[in-house]
Amino acid sequence: MSTLIFERSRPGRCSAQLAPAELACPGIPEALLRQAPPPLPEASELDVVRHYTALSQKNFSIDTQFYPLGSCTMKYNPRAANALAMLPEFLARHPLAPAATGQGVLACLYELQEILCDVSGMAGVSLAPMAGAQGEFAGVAMIRAWHRSRGDHARTEIIVPDAAHGTNPATATMCGYAVREVPTDRSGNVDLDRLRAAVGPQTAGLMLTNPSTLGVFEQRILDIRDIVHAAGGLLYYDGANLNAIVGQVKPGAMGFDVIHVNLHKTFSTPHGGGGPGAGPVGVAERLLPFLPVPIVLRRERPGAAPAYVLAGESERPHSIGRLSAFMGNVGVLLRAYVYARMLGREGMGRVAQFATLNANYLMVELRNAGFELAYPARRASHEFIVTLKRLKDQTGVSAMDFAKRLLDKGVHAPTTYFPLLVPECLLIEPTETESKETLDAFVAAMKAVLEEARTNPELVKSAPHTMPVRRLDDVKAARDLDVAWKT
């Protein structure tokens with residue numbers, strides 16, 4: 001089957017005519033008008049539908065297969081959340097419409113702010129960041145603004161554990177900080193002695209996710225808090241792994257000063273290629289003035305329903321400012337709001353309970369099947385790490401080879417080679433939405449590939465064998481990228 005719609009193109013073939021053949025374009029200079037039609041494919045509507053439907057059926061998707069991607073929380077998104085966020089009254093609202101005509105949507109966003117405050121243990125939340133990375137940037141920018149507001153310009157460093165997400169050091173650098181890395185110990189915890197040695201008057205803050213990307217909960221998180229705060233720094237919580245603790249423990253209770261929440265991971269909004277993200281930020285009391293705008297405020301009116309307004313720079317003069325033209329990705333925010341309301345407080349707690357239960361079940365089953373755990377003495381949080389280093393030394397089969405062969409077994413591979421400090425690792429996160437039958441099928445697939453690696457390693461090293469596209473030359477694709485269609 002052709003992979004490009006251009007390959008189905010035939011001169012003169014077209015779909016339905018949706019606009020007049022000639023459109024007047026008053027006011028556009030003649031020199032800017034096309035002299036010939038653009039080189040677009042010519043195909044019938046039926047050909048187009050069949051082409052893209054067939055392509056979609058060749059993709060792995062959360063709707064059709066298991067996606068145990070560690071640190072990514074690729075869980076099922078309830079269709080009700082999507083349907084309600086797409087109500088005509090939401091879709092038709094223009095972002096420049098006055099607040100008086102949008103009290104419904106503003107009330108929803110205000111309540112989402114309050115829900116996220118409750119979940120995170122923070123004093124205030126802004127929904128403005130349009131992705132997790134932008135939420136990170138906003139969080140560190142607020143830390144910088146707080147230090148500068150106190151005249152403390154000596155804070156030039158952000159501390160980052162060696163197991164951190166790669167966006168953490170990138171964010172710190174973008175905000176003008178030098179990055180100091182601290183190692184983790186053999187149990188997967190931040191090395192407290194090295195942390196004590198790293199902090200000082202130059203420390204602006206520490207960026208940390210808890211549980212970490214090693215799949216374990218920091219056993220001495222309150223000691224970490226005390227070390228950083230005693231040095232005058234602030235604690236930033238990377239919310240990528242919030243799915244593991246939502247409804248159970250709050251980052252605010254751990255002592256964090258600022259957090260971003262990946263709504264596309266924890267609050268069931270589209271992830272990956274499924275659509276835009278959202279990364280709201282929450283802060284402790286002392287950082288409230290610096291929250292990015294706009295923020296939804298609720299104003300009580302005696303004898304009338306409360307009024308909701310968007311507060312901007314004039315109401316919040318110390319804000320770090322705007323991150324986008326309007327109010328973030330409102331459609332994504334509404335999906336998260338519906339999801340939170342569907343769950344309620346009790347249901348929110350079950351998310352973490354079942355995510356942790358599923359992860360620990362998988363971890364034990366894979367250990368019993370002969371897989372080597374990176375941290376065998378620790379319980380899993382929502383994810384855990386298997387290392388295939390010994391297997392590679394014995395058979396030559398790498399973690400990437402193993403991952404490619406899993407595609408032939410009908411499941412997407414776990415995250416490979418992250419975190420980098422665990423050699424030949426698979427970072428596995430089943431999430432709370434998967435059934436025991438699905439988990440058992442994944443264990444069976446893992447066991448089958450392990451046996452193949454031991455008895456027929458070349459079969460695994462040359463995988464996948466059943467996919468539309470076989471093993472690609474990743475180096476050539478990166479160095480000699482050619483994505484242009486040439487007639």
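Helices and strands are taken here as DSSP runs numbered from the N terminus, a strand having at least two residues, and in these terms tyrosine 417 is found in the loop between β12 and β13. The model is a predicted one.

**Helix packing**
- Helix α5 (residues 132-149) and helix α6 (residues 167-174) have axes that come within 9 Å and cross at roughly 50 degrees, and this angle makes α5 oblique to α6.
- The crossing in which α5 passes α6 is right-handed, and the contact is made by Ala133, Glu136, Phe137 and Val140 on the α5 side and by Thr167, Asn168, Thr171 and Met174 on the α6 side.
- Sorted by class, the residues in the contact of α5 with α6 are four nonpolar, three polar and one charged.

**Hairpin of β8 and β9**
- Strand β8 (residues 295-301) pairs with strand β9 (residues 304-311) over six bridges in the antiparallel sense, and arginine 298 has tyrosine 308 in β9 as its bridge partner.
- The two strands, β8 and β9, form a hairpin with two residues between them, and glycine 303 in the turn has a positive phi of about 75 degrees.

**Four-stranded sheet**
- An open sheet is formed by four strands in the order β10-β11-β13-β12, with antiparallel pairing; its edge strands, β10 (372-373) and β12 (415-416), each pair on one side only.
- Strand β12 is joined by two bridges to strand β13 (residues 425-428), the two running antiparallel, and threonine 416 stands opposite leucine 426 in β13.

- Most residues other than glycine have a negative phi, and most peptide bonds are trans.
- Tyrosine 417, although not a glycine, has a positive phi of about 60 degrees, and this residue counts as partly exposed because its relative accessibility is 29%.
- Glutamate 424, in the loop between β12 and β13, is likewise not a glycine and has a positive phi of about 50 degrees; with a relative accessibility of 12%, glutamate 424 counts as buried.

**Cis peptide bonds**
- The peptide bond from asparagine 210 to proline 211 is cis, with omega near 5 degrees, and proline 211 is found in the loop between β4 (203-208) and α8 (221-230).
- Alanine 463 and proline 464 are joined by a cis peptide bond with an omega of about 5 degrees, and proline 464 lies in the loop between α15 (457-461) and α16 (474-479).

Definitions and conventions: Residues numbered from 1 in each chain as written. Predicted model: local features only at pLDDT ≥ 70, side-chain atom pairs only at ≥ 80, totals over all residues. Heavy atoms only, no water. Axes fitted to C-alpha atoms, helices over the stretch in contact; angles between N-to-C directions. Parallel < 35°, antiparallel > 145°, perpendicular 65-115°, else oblique. Left-handed = near helix turned anticlockwise from the far one by under 90°. Contact = heavy atoms within 4.5 Å. Nonpolar A, V, L, I, M, F, W, Y, C, P; charged D, E, K, R; others polar. Pairing = 2+ DSSP bridges. Buried < 20%, exposed > 50% of the residue type's maximum accessible area, 1.4 Å probe, protein only.
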